[in-house]
Structures are given as C-alpha cells and as structure tokens.
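Have the sequence and the 3D view open as you read.

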Amino acid sequence: NIIVERMSQKEGLRANSFQFTLEVEPFHILGVSIHYFRVPRAYWEDRLLKMRACGVNTLTTYVPWNLHEPKRGYCFLPNWLLCDPDMKLRTTYRGFTEAVDSFDQLIPRVAPYQYSKGGPIIAVQVENEYAKDVEYMPYIKETLLSSGIEELLLTSDNQDGLKHGGVNRGIILTGQTDRQLHKSRPQKFKMVMEYWSVWFDLWGDLHHVFAAEDMVAIVTETLKQDASINHYMFHRQTNFGFMNGAFAIATPMPKPMVTSYDYDAPLSEAGDYTTKYTLLRNVLSRYHSECRREGLFFVSRVYEPVMIQQHLSLWESLQFTENSFGGDYINMENSYDYTLYETTISSGDLLNSRNNVRVRALVSTDRHLRPIVSTSFMYFPLKGERTLSLLLENSGRANCGQLLDEQRKGLIGDIELTNTPLRDFIIHSLDMKPGFVNRFVLIMNIFQFPSPCLFVLSLSLLLPSSDSKTLYLPGPCSLEKHPTQEFTQMPPVRNITGQ
C-alpha cells in the first residue's frame, strides 16, 4: 500500500504521541483509496481531480504483485507461488521469501518518488491485517528498508492485530474503525487506515449498500476525535478479466467476487458524482480549504443493446489452442482462464470429484453438456466407450484470511468413476487473451448455437471525433446454456456502464 501526497523536499510524515506532522506542522490525513489497476488509464486524471475536489489531501493505492508478474520471472500474491506444494504464503518460509526478494522491480521504481527525494510518497504500509506474525512482519519491514524505502512505515490492522502490537521500532499502528482506535489507543494519535462504507459483493449475495447519511455521521465522528482517516473505497471500480478474486472463511472453495469492485463508494464506477460524494465533500471542506469542484472530463452514455455477431463452439476452438498436453491432472496456478480435461471412459456410472475440483466445472460426455446434480457426485449410465470432458473455470482465489495456502485451482488430485481414478487426460489450456481469440474470429459460424460456445459481441458507438474510441468492459462475458434451454442466473444483477 503506497500513500501519496503533494511534492516537496522538506521533512516528511512523522508521528509523535498525539498526531501526524508533515514538514514539522500538524497534519490530518484525509485520505481515500483508488486502485490504478481497477481504473482505465484514460480516466486516471479525471478521478484524481475529482478526488482532490472532494477535499482529500492523500491518496492510497495497492500494488498488485500478481498482475505485474503473472508468470514467475516477469513481476495481491501471484498464483504461481502455489506451484510449490509446501508453500506457506506470508511467512518466512524460504520459498516465499526467495520469491519476495527476487521481485526487485517495484521498489527501484517507487523510491525516487519518496517525499524525502522531492516526490509525493509520504508513507508505505507494511503488509495488511497481519500484525500477529512476529517473525514475518520484521522480515517485510527490513526488506523495505534495505530496498531503499525511507518514508514512514505503518500498518492496517484489525482489532486482533492491534492487540498483538504489530511491529515496533519504527512502524506506526493504524486500525480500521474509530471504535478499534478508541479502545486500543485512547491516549495516542489515531488513524483509521481503512474506513469501509460497506463490503464487496459476492456472486449469489445481495448488493451491499450503506446510507449516505450514516457514512457521513461516522466520518464526522472520527474527525472530531482528531483522528486521520482513509476512505476505502472512494471510487467504485472494476475487476477486469479474471482478476475478481474471491472470499473464503472456512472452505477451500471460496465464493467469487463480482466484477464491480463497488463498496457503494462516493464516486460511481462510471466516474459520476453521487449523493455520498457531495455529503463527504461538505464534511471534508471543514478540514481542508482547497475543496473545489472540477469539470467532468467524461460524459457517461447509455448504449444500444449488445448484439451477438459471431460465435464458435468450445470444441471447434480447441484447434487454436497452443498448450495441449497429456497427463493425469495439472492445477491452474499459471492460468486465470479456462482449462479443459478430456479422457476416454467405458464403464461405471458414478463420478466423484473427491473435493479435488477446486473451481466451477461443466461436465460433458461425448461433448454434450450434462446437468450438474451435485458439486461432488454425478450419476450417468454408460453404454460403450465415451469421451468425458470437464471444463474448469477459474472463478477467483481468496486474497485474505487463513486459507491462502489452500487456494490451488483446477483439478488438484484424483477424481473417480465408480471408485476408479481417471487417468490419461488430454489437457487444453484456453487462455482468453487476444492472441488466442483473434485466431478464430474470422471463421465463426453465425447460423448455429452450439453449447457451450464462445461469442463475439458487437456494440455500436456514436461518438464525436474528439471522444475516446475505447470502450472498457470487465470481460470476459459468457452465457452458459443448459440442456433444459434455460440460462443460468447468478445475482446480484448489475448494469455495465460504458464511457
């Protein structure tokens, strides 16, 4: 987590017993979180200007390791770490610390922009809600210092982390609610590092909302305590591609998050002002005199319905895959997309996953989809030799909690057909990137609708010549049609707003 403020070469952010100071003067952090990787680059300036106009003086953002180093050797935690069967994430396990030490691309790019060097970075967060690990936290701290970080180090801890005391000697503890801080640090300076209006949304759950008036009451009360605050999130953003993530508490199969990283935030996903924005601006203006409304850089539009232009069955698309190979099973730790497993079967009638299918799976025989009766068992009679296919979709990995080491995806062990392990799979990796998709667009059949299939959708844009011609969609979009001719429905149902 990197915290950004204005340019200067004077003394940076410091913390004494009761308050922050910047350039030796008392400083209230009026912060918000915006994640650059969840906002198209073309909109960065617009969102930052609206942030400043709201009375905010500080920005916080994450740097996603998994996005910058999708495969080992390039640059929240990359999934390839779990290729090590003994991996212990966020610990001093040698395999993890070696990966952290080898990721040397970030700090050299960040260090020149520190406040002490005339840049805007005033602090760096050490880990997140993880203060209770007494060996790992000092390791991360020393790694940052030895890499060239000179600014203030701090944490973001829940009540349990604050109780354990975090990492002493140079790291400032911050909490996540005003109640935590009042209880844990009654006589010391206070900062709410992550004030959540609400929580993220999960597939199948209701959309989370929080009344604007209630949000303002909490922010007002926090600031009355002379506490600094960081609003998480300020902008409703987008989890592009397969980077939605998931949430798990007590199961290896977490519930996937929806595409919209919403949090019922003050600035809409399209960048529009909301009632929350206006009310929050009114509160922050009492503490920051530079509030001013900036012009709206982008105008939201309502587009015509998206039309299906071309499509191709999943089975026909396999001729364009580059990564097909034989084996018993392989996990999806180097892929965020789809993997198809196929093998020949000739007897048996009970398919048992043995909890080794750790993603959403579509099952077919002779390439005809079968209705899924259970996530663990499936009955079907066999007459002669058949091809059994399992299409696995990566529906997201948990990004926090105690089950990080159990987030291996794909087919991670044996599945059985009438108590006999299946063997000799042909495995196809369907990497949904332009290099794969563009190879079959021109030959797509527009007269039949096989199932499952891949679609090319068209959208008409009538824009002035001066407007951006790029439409940012979360993607990929899919329609999965079952033999009953009914489309699956997974709430919450959300509108996609283009710009």
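In this predicted model, strand β3, residues 20-22, pairs with β4 in the antiparallel sense over two bridges.

Now to the helices. Two packed helices are described by the angle between their axes and the distance between the axes. Helix α8, residues 212-224, packs against α9 at an angle of about 20°, and their axes are 10 Å apart. An angle under 35 degrees counts as roughly parallel, and therefore α8 is roughly parallel to α9. The crossing of α8 past α9 is right-handed. On the α8 side, the contact is made by Ala212, Glu213, Met215, Val216, Val219, Thr220 and Leu223. Their counterparts on α9 are Thr275, Lys276, Leu279, Leu280, Val283 and Leu284.

Next, the backbone. Most residues other than glycine have a negative phi, and most peptide bonds are trans. With that in mind, have a look at the peptide bond from Tyr232 to Met233, which is cis, with omega near 5°. Met233 lies in the loop between β11 (228-232) and β12 (237-238).

Asp264 has a positive phi, near 50°, in a residue other than glycine. Its loop runs between β15 (260-261) and α9 (275-284). Asn355 also has a positive phi, near 60°, and its place is in the loop between β19 (350-352) and β20 (360-365).

Are these residues buried or exposed, and what about Cys54 and Cys453? The table gives the relative accessible area of each.

| Residue | Relative accessible area | Class |
|---|---|---|
| Cys54 | 0% | buried |
| Cys453 | 12% | buried |
| Asp264 | 9% | buried |
| Asn355 | 42% | partly exposed |

Because buried means under 20% relative accessible area, Asp264 at 9% counts as buried, whereas Asn355 at 42% counts as partly exposed.

How many disulfides does the model have? The count comes to zero, where a disulfide is a pair of cysteine sulfur atoms within 2.5 Å.

Key
Residues numbered from 1 in each chain as written. Predicted model: local features only at pLDDT ≥ 70, side-chain atom pairs only at ≥ 80, totals over all residues. Heavy atoms only, no water. Buried < 20%, exposed > 50% of the residue type's maximum accessible area, 1.4 Å probe, protein only. Helix = DSSP H or I, 4+ residues; strand = E, 2+ residues; numbered from the N terminus. Pairing = 2+ DSSP bridges. Axes fitted to C-alpha atoms, helices over the stretch in contact; angles between N-to-C directions. Parallel < 35°, antiparallel > 145°, perpendicular 65-115°, else oblique. Left-handed = near helix turned anticlockwise from the far one by under 90°. Contact = heavy atoms within 4.5 Å.
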